[in-house]
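Please look over the sequence and the model before reading on.

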Amino acid sequence: MTSATTTREIEATPLPEDENLLRIGQVMTRMRLMTGRRMIGRLAIQNVAPGLELSHLDVIDAVRRAEVSGEVTVGAIAEILRIDPSRASRIVAEMVTRGVLRRKASQADARRIVVVLTTLGQRLLAEIQAQKFALIESILADWSAEDIEAFSHLFDRFIGGYEHAFQTRLKETAD
């Protein structure tokens, strides 16, 4: 079998001519690389709970997000993080051992076990938020109030459009 029959040739999509679109694409790549290093999470762990891992922060955030719609189960955590339920169960067990999460019987169905943040878990979540807002404030320190307001609305609009485009493409590929 030749390499021509085992690989597909893919034509490169030409770059847009609009400099603004190019800049946005380049900035998105830089931002992805910076957030991929998870510096805010690392600082929060260092300040509040040395020894925790970034995956633990992901679980804390999943619990925070899931609490909005009711009780949080290990299955809900696995779904939010898009991980295997057995992996979510292992991480939750570690976090219970470390005192970050607590298991308790569901108020709706005593046969079901739910997960809640402990005081330490709440402190860690507050530290993550404090680190994030301190970083944002330091970046925007010399911006005018008008620039900050405009950026906050435009950034929200951009990310909302990005989320919508992603969800639309997911639906298209599922159909």
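The model is a predicted one. Helix H4 comprises the 14 residues 54-67, which at 1.5 Å a residue should span 20 Å; its end C-alpha atoms are 20 Å apart, in agreement with that expectation. The buried residues of H4 are Leu54, Ser55, His56, Leu57, Val59, Ile60, Ala62, Val63 and Ala66. Their cover includes the helices H3 (39-48), H5 (74-81), H6 (85-97) and H7 (119-140), together with the strands S1 (101-105) and S2 (113-117).

**The packing of H4 and H7**

Two packed helices are described by the angle between their axes and by the distance between those axes. For H4 and H7, the axes come within 11 Å and cross at roughly 95 degrees. Because angles of 65 to 115 degrees count as roughly perpendicular, H4 is roughly perpendicular to H7. On the H4 side the contact is made by Leu57, Ile60 and Arg64, and on the H7 side by Gly121, Leu124, Leu125, Ile128 and Gln129. Of the residues in this contact of H4 with H7, five are nonpolar, two are polar and one is charged.

**Salt bridges**

Side chains of opposite charge can pair when their charged atoms come close. The structure holds five salt bridges, and the table presents some of them.

| Salt bridge | Closest N and O atoms |
|---|---|
| Arg38 with Asp58 | 2.6 Å |
| Arg64 with Asp61 | 2.5 Å |
| Glu71 with Arg112 | 2.8 Å |

Arg38 forms its salt bridge with Asp58. This pair links distant parts of the chain, with Arg38 in the loop between helix H2 (19-36) and H3 and Asp58 in helix H4, 20 residues apart. Arg38 is partly exposed, at a relative accessible area of 29%, and Asp58 is also partly exposed, at 27%.

Arg64 and Asp61 both lie in helix H4, three residues apart, or about one turn of the helix. Arg64 counts as partly exposed at 32% relative accessibility, as does Asp61 at 25%.

Glu71 pairs with Arg112 in a salt bridge. Here too distant parts of the chain are linked: Glu71 is in the loop between H4 and H5, Arg112 is in the loop between S1 and S2, and 41 residues separate them. Salt bridges with shared partners also join Asp61, Arg64 and Arg65 into one network.

**A loop residue**

Arg82 is found in the loop between H5 and H6. Its phi is near 55 degrees, a positive value in a residue other than glycine. Arg82 counts as exposed, at 70% relative accessibility.

Definitions and conventions. Residues numbered from 1 in each chain as written. Predicted model: local features only at pLDDT ≥ 70, side-chain atom pairs only at ≥ 80, totals over all residues. Heavy atoms only, no water. Helix = DSSP H or I, 4+ residues; strand = E, 2+ residues; numbered from the N terminus. Expected span 1.5 Å × (residues − 1). Buried < 20%, exposed > 50% of the residue type's maximum accessible area, 1.4 Å probe, protein only. Contact = heavy atoms within 4.5 Å. Axes fitted to C-alpha atoms, helices over the stretch in contact; angles between N-to-C directions. Parallel < 35°, antiparallel > 145°, perpendicular 65-115°, else oblique. Nonpolar A, V, L, I, M, F, W, Y, C, P; charged D, E, K, R; others polar. Salt bridge = Lys/Arg side-chain N within 4 Å of Asp/Glu carboxyl O.
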